[in-house]
Amino acid sequence: MNNIKDNTASALVRQYFDSLKLEVGSENLERFLKGDIEYPESAPFLSVIMRTRGDRPEALAEVLLCLSGQSDLDFEVLIMGHNLSDEGRISVNSIIGSLPDYMDGKVRLVEVTGGNRTTPLSRGFESAGGRYISILDDDDLVFDNWVEAFHSLEAENKGRIFHSYCAAQDWRVYENCEGQRVLTSVSGFRTVYCSPFEMIEQLSVNRCPTFSLAFPSYVYNVLGIRFDESLTTTEDWDFLMKCAYICGVSDIPEVTGVYRMWINAESSATLHSNKEWKKNHAYIQNKFSNRDWLVPKAEVGGLMYNADSNNRDNAKIREAMVLIDDGSGFGTHKPLKLEFVCENGVWMVSCTNIAKYKGVRAIRLDPVASGTVTLTDFKVKVCDAEGNEVRCKIHKYRTNGVFLKNKIVFMGDDPQVRVDLEQPSDLTGAKLQFEILYDVPEKFFRTGIIKYLFKRWGLSVYRKFRILGWKITHIGK
């Protein structure tokens, strides 16, 4: 009697492993699954890959100064000089030579010729000797806890990608009276990149600046995962998702640096057209749609919540943050702990730990990290230490949305509603109430769009006058 064999070729787990074999090779995959990965005792924890063309010496000097101040010095820095001119080479070597003595041997210049902006990353990963690798651009800033935060995850999360939080901030370049280039911030911190890594959301848009990530070096050295050098933009997003697909990601909810958004300086956003960005985005998403994905168990609950027809439109409410200003600015304290209750589509958000802050002057709601959103019937109620309601009102000029009767419409990154208290107060509680829609009302396109454009123009003029005032008061000091 002959036995009938069950062909498992179409089973999901079989398809998953077969696709991995095609991507990384059978021998590499077997070595990975056995855990056959060793590092020399001399290997540093972190290799820092830094691309530069040698034409931003002020920014490069600042980021190397940040690295010199790290609380954890178990790292090496590979400055990937891409198509350097003689002047650029001299400039980079001069900056390296000016570093403190304890940085001797930690920083070296590796020159790369040809290719596009992705090529230096490939050469950098090939040359890196660390157990983990992070990409730090030559125009960003990291705090003293950057390396330490990543390193703290290694013991219990070895083999996974590490992800920390970072703040976004607008910066400008100008020349002072002596003709020197000066870099200055022109906005407060924004929290658009301060949220946990979510695999499913990452398939739509990348919310992880390169320096917020540390990759296990085995993904390059053992699995053979490579950067797609045909990409001229979004190459980091493509590489991240190819690795996260296999490794998974562990978060550490600490802000470890500043992602500088250049208003008047050259960046990847200005060097490449919008059409080029869209083309690369579509190309990467086409890759995503042609593979099976494993969903981390931490995201399953969110997916079920999002799939519920009663909750679908409000699923993103988990992104909401509330910040307080006690005179030191909104970026000083961590977001408040929140409790959410929804009744008939109306959200009540309670701030549970606001009592520990003294002399609160203003409250700010960031309803989502970014995107188009409309708040309807927004109300705030705050109570002081005696239980009395504190008078407050929405600061319409510092709220970056458009007001249409009982609605506030936002378009773009980091929507914010600012509420000012009549006087600084010690609060025992704060409750915010609103309905949130992830759409724009039809009326916006009849009258609101004019208000929106005028407000954008007004804010632009305001920033210019503020920068001019800063120059007048600081130049010559």
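Let me start with what covers helix H11. The cover over its buried residues includes helix H7, residues 199-202, and helix H9, residues 235-247. This is a predicted model, so please keep that in mind throughout.

Helix H11 itself runs over residues 274-288, which makes 15 residues. From the first C-alpha to the last, H11 reaches 21 Å, close to the 21 Å expected at 1.5 Å a residue. Which residues of H11 are buried? They are Asn280, Ile284 and Phe288. These three cover an arc of only 90° around the axis, which puts them on the same side of H11. The background is simple: an α-helix has 3.6 residues a turn, so residues three or four places apart point the same way. On the other side of H11, Lys275, Lys278 and Lys279 are exposed.

Is Thr234 buried or exposed? Thr234 is buried, because its relative accessible area is 11%, and the cut-off for buried is under 20%. Leaving aside residues up to four places away in sequence, Thr234 touches Trp277, Asn280 and Ile284.

Now the chain as a whole. There are 13 helices and 20 strands. Of the 477 residues, 47% are buried. If we take contacts between residues at least 6 apart in sequence, 79% of them join residues at least 24 apart. The accessible surface comes to about 24800 Å², and 51% of that belongs to carbon and sulfur atoms.

On that surface there is a nonpolar patch of about 280 Å², made by Val13, Phe17 and Leu33. Phe17 is found in helix H1, residues 12-24. Phe17 counts as partly exposed, because its relative accessibility is 32%.

Next, charges. Side chains of opposite charge can pair when their charged atoms come close. How many salt bridges are there? The count comes to 24.

Glu76 is buried, at a relative accessible area of 12%, whereas Arg108 is partly exposed at 37%.

Then there is Arg123 with Glu126, where the closest N and O atoms are 3.0 Å apart. Both lie in helix H5, residues 119-127, three residues apart, about one turn of the helix. Arg123 is partly exposed, with 27% relative accessibility, and Glu126 is partly exposed too, with a relative accessible area of 46%.

Moving on, Glu422 forms a salt bridge with Arg391, and here the closest N and O atoms are 3.6 Å apart. The two sit in distant parts of the chain, 31 residues apart: Glu422 in strand S19, residues 417-425, and Arg391 in the loop between strand S15, residues 389-390, and strand S16, residues 392-394. Glu422 counts as exposed at 54%, and Arg391 counts as exposed at 60%.

Last, the network. Arg51, Arg117, Asp137 and Glu235 are linked by salt bridges.

Definitions and conventions: Residues are numbered from 1 along each chain as its sequence is written. This is a predicted model: local features need pLDDT of at least 70, side-chain atom pairs count only at pLDDT 80 or more; totals for chains, interfaces and linings use all residues. Side-chain values use heavy atoms; hydrogens and water are left out. Helices (H or I, at least four residues) and strands (E, at least two) are DSSP runs, numbered from the N terminus. The expected span of a helix is 1.5 Å times one less than its number of residues. Buried means under 20% relative accessible area, exposed over 50%, partly exposed in between (1.4 Å probe, protein chains only). The arc is that of the directions from the helix axis to the C-beta atoms. Contact means heavy atoms within 4.5 Å. Accessible areas come from the Shrake-Rupley method with a 1.4 Å probe; for residues, only the protein chains shown count as cover. Patches are made of residues with over 30% relative accessible area and no salt bridge: like charges are joined within 9 Å, nonpolar side chains (Val, Leu, Ile, Met, Phe, Trp, Tyr) within 5 Å. A salt bridge is a side-chain nitrogen of Lys or Arg within 4 Å of a carboxyl oxygen of Asp or Glu.
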